[in-house]
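Student: I have a structure to look through, and I would like to talk it over with you. Could you take me through it step by step?

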Amino acid sequence: MTAMTFNEKFPHQQICSASSLTIDLPQPPQRFYRHGWQSWSLAAWTDLTPLPVQKPAILHPMQVDPVYAKELRPHSSWVGAVEWNHGKILLLGSLGQGAHVTLNGLRLEGSYETGGGDWFIASGDETAIFSEYARQLGRRFGTKTGKPAPRVWCSWYSLYTAIDEKWLIRVFEELGDLPFDVLQVDDGWQIKTGDWEANPKFPAGMKALADRIKSTGRKAGLWLAPLIAVKSSQLFREHPNWFLHDQRGYLVSAGFNWGEQLYALDTTHPEALRWLSSLLRQSRLWGFDYLKLDFLYAGALPGKRYQEMPRETAYREGLKVLREAMGKDAFFLACGAPIIPSLGLCDAMRIGADVSGEWENRRDVVFLQNPAVPSAKNAIRTTHHRLWLSSLVHVDPDVAYFRSKVCFMTLEQKSLLQNLALVCGFKATSDLPQWLTANERENLRNFLESEPKVKQISRYAFRIDDCHVDFSTAMSLSEELHGAEAIAAAAVGWLGNHGWALRINDRIEKNALEKLKKGL
Ligand code: 9PG
């Protein structure tokens, strides 16, 4: 254990090697910078009051690092920072994988889960320090490839899993000459998560769909979640031994989605790796050159592996196999991904929660106290706090909305999402052309064509060409609940922890989508 004291003589910047390290602070800081484990997990400056354990617990493996889900002290994956009122910060960040930072009273503590590694410690101006931390990470993990960020139309945030071949082809036609570089097919094409063949809604098959996209002069994009499988998939039923188990031999939960239990592939299992490799090669053979690989956190969950190694090392080794199989020329967007262990292996990374057509969903955000669920506000907050990664990888803030149909955001809220995309330099939407008015379509075109000058002027404000944009309204977290609201929240939290309740919710959402689709 290495111990230090933060005082006037403390160097502005240093790198040291230790399995664990503590820095004594002279006085309690005002704020703590927490950095969530994977794309969807909260990243934010918060005050020191403990954040409530987010609900429901059944989703912990897919929303946070489950090892620290119940930690009440301010804590952070790989990198944490504290700020006193004078605006200066002290940052403690690991330069290796599998590290965690905790604020324990007047002590900033960092520790590696296994073995030791390097730490970057610096104090001073926030922007300068984070960019130096990023530079140090880049030296160890690799940095941006030369590929530009494509402009993407993604099928998810309109009809979600209700997509089908006929309907997508109609969309591709109606997008006309809007300047998109990639048309990306999201979740809904596969038989099941784990069984990656076209389902009956795609009778011509995936190669035909990719050909169709490419005939419009664009690249074809495909969503896959290669490291998970649902319990009912053929993959899981035929190869339960390829999946992660715990020390006692029980299957490790990778969360709950699509009304089902999720399991995680063991990325150290040679047969699982062979299967993964052929899946990625197959996707390329179909003709998809842009791959959105999702739910990647599953590869780094704690468990007993075929080959024993630290969990994030196992993940990164698995990711190398995926990258190798898809080839260097494919554009790889990592999503639901543990951040640091994915650097250098992907071209772009989702750095926040999913957006949705809603600014904030009362049930999810307020009652479940969950900053990782889909919502525009959650997406903006976390993305904003990870912008420092943009020198290392293209940062994806998720899609922007231009439509007023099937969207519950105000013009200001939609414009915050659009502006965040301009700050990130990563532009995408899921708006259906048939939902856009002539004016909205023009706004979308201008957005896709614009290359504005972006300058950060304070922690949450930017100048984008001549506009002043302030993201502060997205930064607050939900307040602690009292009285009747607290009781309602406990009930929602309890319900949300049950598979049957999530299944009912899933059904209701599916029916609503089908209805929406019929109205098109
Ligand atoms: C397809 C979607 C889209 C989307 C991805 C991912 O419960 N959760 O925390 C949760 C977060 C994100 C999520 C699903 C669940 O969405 O981010 O863009 O591809 O999968 O299923």
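Tutor: Gladly, and let us begin with a term: a polar contact is a pair of N or O atoms within 3.5 Å; within protein, one must be able to donate a hydrogen and the other to accept it, and residues adjacent in sequence count only if both atoms are side-chain atoms. This is a predicted model, in which local features need pLDDT of at least 70 and side-chain atom pairs count only at pLDDT 80 or more, while totals for chains, interfaces and linings use all residues. Residues are numbered from 1 along each chain as its sequence is written, and side-chain values use heavy atoms, with hydrogens and water left out.

Student: How far from an oxygen atom of the ligand does a polar side-chain atom of Asp 354 lie?

Tutor: Asp 354 is among the closest of the 15 residues that surround the ligand (near means that a heavy atom of the residue lies within 4 Å). For Asp 186, a polar side-chain atom is 2.7 Å from a ligand oxygen, and for Gln 63 a side-chain N or O atom is 2.8 Å from one. For Asp 354 the value is 2.5 Å.

Student: What are the bounds of the domains in the protein chain?

Tutor: Such bounds come from an automatic or database domain assignment. The centres of the two domains, taken over C-alpha atoms, are 27 Å apart. The assignment gives domain 1 as 2-141 and domain 2 as 152-226 + 267-474.

Student: Which residues of domain 1 lose the most area to domain 2?

Tutor: Contact means heavy atoms within 4.5 Å, and 40 residues of domain 1 touch 42 residues of domain 2 in this way. Buried area is the accessible area (1.4 Å probe) that two parts lose on being put together, summed over both; here it is about 3,400 Å², with 59% on carbon and sulfur atoms. The residues that lose the most on the domain 1 side, together 22% of what that side buries, are Ser 39, Trp 40 and Phe 141.

Student: How many salt bridges does the rule find across the interface of domain 1 and domain 2?

Tutor: The rule asks for a side-chain nitrogen of Lys or Arg within 4 Å of a carboxyl oxygen of Asp or Glu. Arg 459 and Glu 83 make such a pair, at 2.9 Å from N to O. Across the interface of the two domains, the number of salt bridges is four.

Student: In which elements do Arg 140 and Asp 118 lie?

Tutor: Helices (H or I, at least four residues) and strands (E, at least two) are DSSP runs, numbered from the N terminus. The side chains of Arg 140 and Asp 118 form a salt bridge of 3.2 Å, N to O. The pair links distant parts of the chain, 22 residues apart: Arg 140 is in helix H2 and Asp 118 in strand E11 (residues 117-124).

Student: Where is Trp 258, with its positive phi, placed?

Tutor: Most residues other than glycine have a negative phi, and most peptide bonds are trans. Phi of Trp 258 is near 55°. Its place is the loop between strand E18 (253-257) and strand E19 (260-264).
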